Amino acid sequence: MKAKMFRALLPLAIVFTMVSCSSDSSEDTTADKKVVTTYNYNDTESKLVTLINNYRQSIGLNTLEVINHISYKSEEHNLYMIENKVVNHDYFQQRSDNFKQVLGAERVGENVAYNYNTAESAFSAWMNSPTHRANIEGNFTHFGISVTTDPVSGRKYYTNMFIKKLP
């Protein structure tokens, strides 16, 4: 009887041990706490920074300071979307948690877009969407932007993230 129970529970114990003791997850967590300080902005990204800040200033809001780490994380999300052929906010909570941990963010917002050829057209689409516009007009202090072109299709993926840093 005991031998049958042992044989039945042994595979379960092996699976539990393999799942709960992964060294990969702890390595990723440590690497994820580093602040990325360099990011090379392309023309479309630079134009969007200008469009967003000019618009905010025109309606009496503060301009947002660009943080390279946010742009880097935005680019990671673009690469995820390209690889998976999707446009979404998957893993937003992980990006948000990262900004809270490494940048001291108290609030985080995100806009994504796909297949707009110019910064102006992506900005216009965001402004015509109430939820995206709310992020652009939101109570934020910093932001980052990434526009990544899919090397296969040539289509552009956009991720624009906003944070409000703690004083």
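# Exercises on a predicted model

A search of the whole structure turns up seven aromatic pairs, where rings of Phe, Tyr and Trp (its six-membered ring) pair if their centres lie within 6.5 Å. The model is predicted: local features need pLDDT of at least 70, side-chain atom pairs count only at pLDDT 80 or more, and totals for chains, interfaces and linings use all residues. Residues are numbered from 1 along each chain as its sequence is written, and side-chain values use heavy atoms, with hydrogens and water left out.

**Exercise 1.** State which aromatic cluster Phe140 belongs to and which residue lies over the face of Phe140.

*Solution.* Start with the rings: Phe140, Phe143 and Phe162 make up one aromatic cluster. Next, look at the face of Phe140, where Arg107 lies at 4.5 Å from the ring centre. The criterion for a charge over a ring is NZ of Lys or CZ of Arg within 6 Å of the ring centre and within 35 degrees of the ring normal.

**Exercise 2.** List the elements of the protein chain in order from the N terminus.

*Solution.* Helices (H or I, at least four residues) and strands (E, at least two) are DSSP runs, numbered from the N terminus. The protein chain has seven helices and four strands. Their order from the N terminus on is α-α-α-β-α-α-β-α-α-β-β.

**Exercise 3.** Work out the order of the strands in the sheet and name the edge strands.

*Solution.* Two strands pair if DSSP finds at least two bridges between them. The four strands form an open sheet, ordered 1-3-4-2, with mixed pairing. Its edge strands are strand 1 (65–66) and strand 2 (105–114), each of which pairs on one side only.

Now take the pairings of strand 3. Strand 1 and strand 3 (residues 142–149) pair in the parallel sense over two bridges: Glu65 has His142 as its bridge partner, and Val66 stands opposite Phe143. Strand 3 and strand 4 (residues 156–165) run antiparallel and are joined by eight bridges; Gly144 has Met161 in strand 4 as its bridge partner. The hairpin of strand 3 and strand 4 has six residues between the strands, and there Gly154 takes a positive phi near 80°.

**Exercise 4.** Decide how much of strand 3 is buried.

*Solution.* Buried means under 20% relative accessible area, exposed over 50%, partly exposed in between (1.4 Å probe, protein chains only). Seven of the eight residues of strand 3 are buried. For the protein chain of 167 residues, the buried share is 37%.

Conventions. Phe/Tyr/Trp six-rings, centres within 6.5 Å; stacked < 30°, edge-to-face > 60°.
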